[in-house]
Amino acid sequence: MITFRYDKTLDGLLTAVFDAYSRRTFPDVLLGTDDDVPLFAGEIHTVMSDTEKSTRVWNGLERKASQGFCDMLLHVWLSELPGADELLLKYIVKTFADVAGATMNHADDDVRRIRQIALKVSRERLHVIQFVRFQKAADGIYFAPAAPLYNVLPLTIPHFCDRFADQMWLAYDIRRRYGYFYDMKKAVEVTLENDENLLDGKLDESIMAEDEKLFQQAWKDYTKALTIKERLNPRLQRQNMPARFWKYMPEKNR
Amino acid sequence: MTEQTLEKLKILAESAKYDVSCASSGVSRKNRPGTIGSAAGWGICHSFTEDGRCVALLKIMLTNHCIYDCAYCINRRSNDIPRATLSVTEVTDMTIEFYRRNYIEGLFLSSGVVRNPDYTMERIARIAKDLRNVHHYNGYIHLKSIPGASRELVNEAGLYADRLSVNVEIPTEANLRMLAPEKDYQSIYKPMFYIQEGVMASADERKRFRHAPRFAPAGQSTQMIVGATNENDKDILRLATTLYQRPSMKRVYYSGYIHVNSYDNRLPALNQSPLKRENRLYQADWLMRFYGFRFDEIADDSSPNLDLEIDPKLAWALRHPEVFPVDVNKADYALLLRVPGIGVKSAQLIVSSRKFGRITSDTLTKMGAVMKKAKYFIVCGELSAHTIHETGEEFVRRVLTDKKPSKKMPDKRQLTLNFTD
Ligand code: SF4
């Protein structure tokens, strides 16, 4: 059995692919650099992340397959699901080896799993785009907290940059404690030193913009008034709008 | 914004809520520098109310005062309900503020008729114009065209709106006249026609001048109330087909009648809105738009109403056993789409995967086909002993009939309400 250890970054994973080709040994197991090595691990190779190597692999993929396909791999990576990295590695190797476009074969189990995971992640991305709420602070910056199931915040940023181009905002992943700040020109990734006061996802009233509370109230009252009492169906509501997003939505809050 | 605006907002949301056409799809537009907003092409639902319905747009009436007295409408003049009117700035401010907070995809504005149709239409168009020109708002706008509005004002509205709509409401003119004495088909079909002309003229000009103004780029939609009058499903689907044949018509919505004015005995006394029927009509509509079904295949003279127990695709299959079984390894795309349990997605996957190997019942399941249904209508090599010809139609019908939703099962009655085009 061959084991590769790597730093659990995407760069690291792509470097692992590079190493596998140059060593001509393909790993059966991927472990994190900090993971315990099992007793009978067999041959172990430790991958040193290298952006030059990882870029070469990624460019190679882009040449070999469509943009949509590479997006799909990125989605799977961001799922952070256990085993997703091994699946990706296997699949990337398959893609390079394949001549007849067999990665399109939906009867293949790996292909199907990749697609399923990518689909789940892209659903969660859409959920964030749908249900994230922006709260206006007194300094004019909008705060948009989220705690998505998968690490999808980066996938939503182009949409928000396009849509909210003329306002400053901070989109923040509360679960993973990092976010993106947009200054009306571009969005940059940020991790905040003192983010404790942001973690409950609600701006404190003392730093809210003047009308913020009223608009939250207005939205809440509005959605309530829209409800048709003759057709109540809370189960359907829950199905369409997962409860994990409710915490930061004014219509479900306060 | 003030507390007073908030009160008006509540009253006018109550008045607008029965209009179902809430989708924001049909147009894609990137942000331009110095403007706010974009349109996403597919509709984004930003919230769901407790009745499970999507909230994509700020759906509101400019005013719920009305000089007309349509029997099915909660805002008819003879009703004693709280009335309110929003100012142009109140509507534009609220739209912008909600939009910036990611509450909505845009605005859906309708109105009761005050003074006369043109007076009302002018104010509706004015709001769209201000949003675009004063606030540089680039998000979605859907305006309701008032029945009887003039060509000039419909044209003005079309310059700023993404979508315009005029509701048919009642599928036959005789019934419309009975329930809405101030309206006739002319007052509805004329504005519809103006919209169509505007859309086509602009499309034509834009071929020659790239910067010619756009006119309602997401086209028009309309709504029919189901169950308030005696039209059967065949009548309704026939009218829908006629409407879809118009170049600019993108969606027809069906709204199960809710008995809001119970005192009016021109209306049937329904104590429950016909949700199941509404749902079947949406399924039929879907079949007409994406599955290549004609309306008279779905509802014909021998069965002019949709079967409430089984979906219209299955119903068609049971009426046409001679078409089946379909060989999934050979049949073309159009025929695969006719198989109950195989949808657009799985049909595409089947066609694109066949070249790599034989399709088996196992791969079908993996591709998302509903084998519970499909197995009676297909052959794929290994299973062929249980098609509809061996078991008989009655048997298939019995096993596949929708059970009453049990307590634990999610209620799927409204699931097929699709909000994409
Ligand atoms: S014109 Fe419109 S708002 Fe007025 S009563 Fe008729 S349906 Fe209602």
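Colleague: What does chain B average in pLDDT?

Modeller: This is a predicted model, and chain B averages a pLDDT of 87. In that chain, 92% of the residues score at least 70.

Colleague: Where in chain B does pLDDT stay under 50?

Modeller: Over residues 405–421 of chain B. The model still has 40 contacts for that stretch beyond four places in sequence. Where pLDDT is low, though, the predicted coordinates should not be read in detail.

Colleague: OK. What ipTM and pTM does the model score?

Modeller: ipTM is 0.90 and pTM is 0.85.

Colleague: Which residues lie nearest the centre of the largest cavity?

Modeller: Y72(B), C73(B), K144(B), N167(B) and E169(B), out of 35 residues that line the largest cavity. As for elements, α1 (3–16), β9 (220–226) and β10 (249–256) of chain B give two or more residues each to that lining.

Colleague: And how does the lining of the largest cavity split by class?

Modeller: There are 19 nonpolar, 10 polar and 6 charged residues in the lining of the largest cavity.

Colleague: What about the second largest pocket, how much space lies in there?

Modeller: About 490 Å³. Its lining has 22 residues, and the closest to the centre are R29(B), R32(B), N138(B), L159(B) and R214(B).

Colleague: Which element gives the most to the lining of the second largest pocket?

Modeller: α4(B), with 3 residues. Both α3 (117–133) and α4 (151–160) of chain B supply at least two residues to the lining of the second largest pocket. By class, the lining of the second largest pocket comes to 8 nonpolar, 6 polar and 8 charged.

Colleague: Over to chain A. At what angle do helix α3 and helix α5 of chain A pack?

Modeller: About 75 degrees, with the axes of α3 (residues 67–78) and α5 (residues 109–131) 8 Å apart. α3(A) and α5(A) are therefore roughly perpendicular to each other.

Colleague: Which residues make the contact?

Modeller: From α3(A) you have M72(A), H75(A) and V76(A). α5(A) brings I114(A), R115(A), I117(A), A118(A), V121(A) and S122(A). By class, that contact between α3(A) and α5(A) has 6 nonpolar, 2 polar and 1 charged residues.

Colleague: Now the backbone. Which residues does a cis peptide bond join?

Modeller: F324(B) and P325(B), with omega at about 0 degrees. P325(B) sits in the loop between α10 (312–319) and β11 (326–327) of chain B.

Colleague: And what is phi of K8(A)?

Modeller: Near 65 degrees, a positive value in a residue other than glycine. Most residues other than glycine have a negative phi, and most peptide bonds are trans.

Colleague: Where does K8(A) lie?

Modeller: In the loop between β1 (2–6) and α1 (10–23) of chain A.

Note on methods:
Residues are numbered from 1 along each chain as its sequence is written. Chains are lettered from A and ligands numbered from 1 in the order in which they are written. This is a predicted model: local features need pLDDT of at least 70, side-chain atom pairs count only at pLDDT 80 or more; totals for chains, interfaces and linings use all residues. Side-chain values use heavy atoms; hydrogens and water are left out. On a 1 Å grid over the protein atoms alone, a cavity is a set of points where a 1.4 Å probe fits but cannot get out, and a pocket is an open set with protein on both sides within 12 Å along at least five of seven lines; lining residues have an atom within 4 Å of a point. Grid points are joined across faces, edges and corners, and a volume is the space filled by probe spheres set on the points. Helices (H or I, at least four residues) and strands (E, at least two) are DSSP runs, numbered from the N terminus. Ala, Val, Leu, Ile, Met, Phe, Trp, Tyr, Cys and Pro count as nonpolar, Asp, Glu, Lys and Arg as charged, and the others, Gly among them, as polar. pLDDT is the predictor's confidence in each residue, from 0 to 100. Contact means heavy atoms within 4.5 Å. Axes are lines fitted to C-alpha atoms, for helices over the stretch in contact, and angles run from 0 to 180 degrees between N-to-C directions. Angles under 35 degrees count as roughly parallel, over 145 as roughly antiparallel, 65 to 115 as roughly perpendicular and the rest as oblique.
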